[in-house]
Amino acid sequence: MQEEDDKDRLFVTALARGLQVMAAFRPGESALSNLEIAKRTGLPKSTVSRLTYTLTTLGYLSQDEHSGFYRLGVALLALGSVVLASYDIRQVAGPLMREFALENNVSISLAMRDGTDMVYLETYRSQSRVSVQLTVGSRVPIATTAIGRAFYAGLPVNVRQQLDGELATRYGERWTELQQRLQQAMEEYQRCGYSASFGEYEPDVMAVGVHLPSPTPGQPPMSLNASGPAFAFSAEVMQQQVAPALIALRQRIVPVA
């Protein structure tokens, strides 16, 4: 109990709220008002106004002079570059992923866990005019995606149980159904060596994924996926052609005994 109290005293609420504001922005959005940020974060509008002013002064947000709305600032771009550069595996995986995307005519992505989501660290698309359009920084749920299920399947039991608690909180009444699907996906992974999500996360997307063990000491485990549009890739093609190729790629990036 004493240890928990000590941790609470170390927690800086103002900093946490500032981070909540920056996390309110989503890919594809141009700008947000203080009111919209307040709705998304649950913070009082007056608090949001002070936070957005401070973050704008520091360069982490920028304000449109006509609308008064806010967008993420270039200071965050610099931080993001530092974050990405800290994961050495991208230097190894990048060229192999690019080659894989072109040879198999699919999109391929590398992701790591953030809470109950996976965040893309690297992604490559084929030269096809139609491909999955997620980019670096995109977030997708663990529970319903191939890349998330592959990550989940490769976790140690104690870590997976802790994640289950977070997923249960996120999904509430839906968790019982999703837990069953995750269990089935884990059994499939143990049997076949990959996970799948065929039209479940997005109706027109077929995807398979593999777990990527921690590449170097101190870095977290990750996962890879390969995906393509449903009109071009049937479940059979994904299972018989793309999945084995993805497993072979994983072995080239991080050899698994």
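Does Asp-117 count as buried or exposed, and at what relative accessibility? At 12% relative accessibility, Asp-117 counts as buried (buried is under 20% relative accessible area, exposed over 50%, partly exposed in between, with a 1.4 Å probe and protein chains only). The model is predicted: local features need pLDDT of at least 70, side-chain atom pairs count only at pLDDT 80 or more, and totals for chains, interfaces and linings use all residues. Residues are numbered from 1 along each chain as its sequence is written, and side-chain values use heavy atoms, with hydrogens and water left out.

**Helix α9**

- Helix α9 covers residues 175-192 (helices are DSSP runs of H or I with at least four residues, strands runs of E with at least two, numbered from the N terminus).
- Its 18 residues should span 26 Å at 1.5 Å a residue, and the end C-alpha atoms are 25 Å apart, which agrees (the expected span is 1.5 Å times one less than the number of residues).
- The buried residues of α9 are Trp-175, Leu-178, Leu-182, Ala-185, Met-186, Glu-188 and Tyr-189.
- Seen down the axis of α9, these buried residues fall within an arc of 160 degrees, so they line one face of the helix (the arc is that of the directions from the helix axis to the C-beta atoms).
- Thr-176, Gln-184, Gln-190 and Arg-191 are exposed on the face of α9 turned away from the buried side.
- Packing partners of the buried α9 residues are α7 (146-153), α8 (157-171), β6 (195-198), β7 (205-212) and α10 (235-253) (contact means heavy atoms within 4.5 Å).

**Salt bridges**

- There are nine salt bridges in the structure (a side-chain nitrogen of Lys or Arg within 4 Å of a carboxyl oxygen of Asp or Glu).
- One of them joins the side chains of Asp-114 and Arg-139 at 2.8 Å, N to O.
- That pair links distant parts of the chain, 25 residues apart: Asp-114 lies in strand β3 (residues 107-114) and Arg-139 in strand β5 (residues 139-141).
- Asp-114 is partly exposed at 39% relative accessible area, and Arg-139 is partly exposed at 41%.
- Arg-170 and Asp-117 form a salt bridge through their side chains at 2.6 Å, N to O.
- This pair also links distant parts of the chain, with Arg-170 in helix α8 and Asp-117 in strand β4 (residues 117-124), 53 residues apart.
- Arg-170 counts as partly exposed at 40% relative accessibility.
- Glu-177 and Arg-181 are separated by about one helical turn because they are four residues apart in helix α9.
- Salt bridges that share partners join Asp-114, Asp-117, Arg-139 and Arg-170 into one network.
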